Amino acid sequence: MTSPMEDIFITDVVTRDIRFHTSKGKHGSDAMSPDPEYSCVYMVLVTSERNLEGHGFTFSIGRGNEIMQLAAETLKHKIVGRSLGEITNWDTGADGSKYGFATLWRDLCYG
């Protein structure tokens, strides 16, 4: 018997560069960040199941936000096409390979 998540696939990764202009009022400034532009890269994992999406974000102080977004866009080919079951399964596959979050992490970081 297969998990219902085996039939749900990630079909797209959408990223957005979101910035909050906080430097004008010096909101959140300190000695290391005198002009912070608090920002985030917001990501949406779109799935084959119409009403199911994954949402996440990574914060920065503005500098480097475009690099974080580019990194997410560059790695999305390693996520699109995977089933949720493959990502969340902790069992060993029929071929002896291990699957799960650890495998996804290694694929994203090492190849």
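Predicted model: local features only at pLDDT ≥ 70, side-chain atom pairs only at ≥ 80, totals over all residues.
**Strands, a helix and an aromatic cluster**

Leaving aside its neighbours within four places in sequence, I10 touches L45, V46, T47, I79, V80, G81, R82, L84 and I87. I10 lies in strand β1. Is I10 buried or exposed? Its relative accessible area is 2%, and because buried means under 20%, I10 is buried. One of its contacts, I79, stands 69 residues away along the chain, yet the C-alpha atoms of I10 and I79 are separated by 6.9 Å.

Let us now turn to the strands. Strand β1 covers residues 10-19, and β1 pairs with β2 in the antiparallel sense over nine bridges. Within these two strands, V13 stands opposite L45 of β2. Strand β2, residues 39-47, is followed in our account by β3, residues 53-60. How do β2 and β3 pair, and over how many bridges? Their pairing is antiparallel, over eight bridges. The two strands form a hairpin, with five residues between them. Here V41 stands opposite T58 in β3.

The next topic is the helix. Helix α1 runs over residues 65-75, and N65, Q69 and A72 are buried in it. Seen down the axis of α1, these buried residues fall within an arc of 60°, so they line one face of the helix. For those new to helices, the general point is that an α-helix has 3.6 residues a turn, so residues three or four places apart point the same way. As for the buried residues of α1, what covers them includes β1, β2 and β3.

Q69 has its place in helix α1. Apart from neighbours within four places in sequence, Q69 is in contact with T15, R16, D17 and V41. The side chains of Q69 and T15 also make a polar contact, at 3.2 Å. V41, which Q69 contacts, is the residue I named opposite T58 in β3.

I come now to the aromatic residues. A pair of aromatic rings is described by the distance of the centres and the angle of the planes. How many aromatic pairs are there in this model? The count comes to three. In one of them, the rings of Y42 and F57 have centres 6.5 Å apart and planes at 10°; the pair is stacked because planes under 30 degrees apart count as such. This pair links distant parts of the chain, with Y42 in strand β2 and F57 in strand β3, 15 residues apart. F57 also forms an edge-to-face pair with F59, at 5.0 Å centre to centre and 70° between the planes. Together, Y42, F57 and F59 form one aromatic cluster.

Finally, a word on cysteines. How many disulfides are counted? The count is zero. C40 counts as buried at 6% relative accessibility. C109, by contrast, is partly exposed, with a relative accessible area of 46%.

Definitions and conventions. Residues numbered from 1 in each chain as written. Heavy atoms only, no water. Disulfide = S-S within 2.5 Å. Buried < 20%, exposed > 50% of the residue type's maximum accessible area, 1.4 Å probe, protein only. Phe/Tyr/Trp six-rings, centres within 6.5 Å; stacked < 30°, edge-to-face > 60°. Helix = DSSP H or I, 4+ residues; strand = E, 2+ residues; numbered from the N terminus. Arc of directions from axis to C-beta. Contact = heavy atoms within 4.5 Å. Polar contact = N/O pair within 3.5 Å; in protein donor to acceptor, adjacent residues only side chain to side chain. Pairing = 2+ DSSP bridges.
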